Amino acid sequence: MEIFDVAATAQALPFERLVPALQSLFARGCEVPARHVHEVPVPGGAPFTSLIMPAWIPGRYYGIKTINIAPGNAQRGLPGLHASYLLCDGASGRPLAVIDGDAITQRRTAAASALAARWLARTDAIHLLVAGAGQVARLLPQAYRAVLPIERVSLWARDARKAQALAAQLRTQGLAVQAVTDLAAACAQADIVSCATLATEPVVHGEWLRPGTHLDLIGSFTPAMREADDACFAGASIWLDTEEALEKSGELLGPMSRGVFAAHEVRGTLGRLSRGEAQGRTSAAERTVFKSVGTALEDLAAAMLVYEQGRTP
């Protein structure tokens with residue numbers, strides 16, 4: 001059985017390969033049952049939550065991602081989230097590889113946003129604005145540059161010092177990145193606005209976005225979370241990674257409850273785009289919104305790529 005740590009996993013998942021791998025599996029499809037959620041008791045302490053996310057291609061691969069979320073880990077000096085991925089043979093069930101789950105999650109999340117932008121952003125988009133300074137935000141410029149001619153990156157975070165530190169780090173990779181403090185002004189200038197925050201109140205407002213802007217919303221994966229206000233959705237073409245987003249994200253549940261848009265008005269998903277069943281952007285002035293919540297299909301696509309690219313001959 002192969003073992004891939006953080007560095008080996010990241011090395012096997014360059015976005016130039018990962019984005020096409022996601023498109024291929026979205027087009028082909030795979031079995032993705034509902035995730036399991038368990039509360040694991042800890043004697044004398046707070047419990048932690050374990051998410052178990054399986055997916056498989058019959059006869060080929062079977063994979064399981066496990067994410068353990070322990071808010072009390074801050075007191076232990078440990079990260080609050082730990083993830084691992086087990087990839088097995090799809091016919092015999094034989095374990096093939098254990099892969100770092102954090103690296104898979106971060107990189108497939110950024111890659112899904114880039115894949116959507118291939119159809120939904122303007123082909124001449126050169127200015128990317130990233131809201132957030134976490135692990136996914138760090139990867140977004142590289143992911144977008146794999147599919148679009150991005151020349152300029154603006155970076156905003158609630159903590160300006162974190163934005164400045166991340167901008168300096170990204171500049172060492174040869175990217176033209178500038179930390180900004182005026183988010184409204186930055187939104188008005190950007191071709192693509194990508195949000196990767198844990199916000200529970202709107203960070204981006206629709207009145208800041210000019211015609212033709214592509215808005216990418218990553219952070220809201222529970223009903224209590226939200227990165228964009230209602231005006232971001234009004235009059236925009238709305239796209240999802242999977243229809244599950246309509247049930248999980250406060251980003252969508254809130255505006256739908258207020259009549260801003262209805263579920264049937266959503267234009268499509270990454271699956272439909274990847275299979276050529278839906279047309280993406282239709283004009284340069286069209287404003288597009290992509291909302292993702294993540295899916296085990298993306299994890300499986302990434303794990304397959306890690307194993308096939310990095311296994312010992």
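Which strand pairs with strand β7 (residues 127-131), and over how many bridges? Select residues 152-156 to see strand β8, which pairs with β7 in the parallel sense over five bridges; two strands count as paired if DSSP finds at least two bridges between them, and L128 has V153 as its bridge partner in β8. This is a predicted model, in which local features need pLDDT of at least 70, side-chain atom pairs count only at pLDDT 80 or more, and totals for chains, interfaces and linings use all residues. Residues are numbered from 1 along each chain as its sequence is written, and side-chain values use heavy atoms, with hydrogens and water left out.

Next, select helix α4 (residues 135-145), which packs on the sheet and touches β7, β8, β10 (192-195) and β11, its direction making about 160° with that of β7. Contact means heavy atoms within 4.5 Å, while helices (H or I, at least four residues) and strands (E, at least two) are DSSP runs numbered from the N terminus.

Now show the whole open sheet, where eight strands with parallel pairing follow the order β9-β8-β7-β10-β11-β14-β12-β13. The edge strands, each pairing on one side only, are β9 (177-179) and β13 (268-269).

Finally, select helix α3 (residues 101-120) together with helix α10 (residues 296-310): their axes come within 9 Å and cross at roughly 110°, axes being lines fitted to C-alpha atoms, for helices over the stretch in contact, with angles running from 0 to 180 degrees between N-to-C directions. To view the contact, display I104, T105, R108 and A112 in α3, which meet E298, D299, A302 and A303 in α10.
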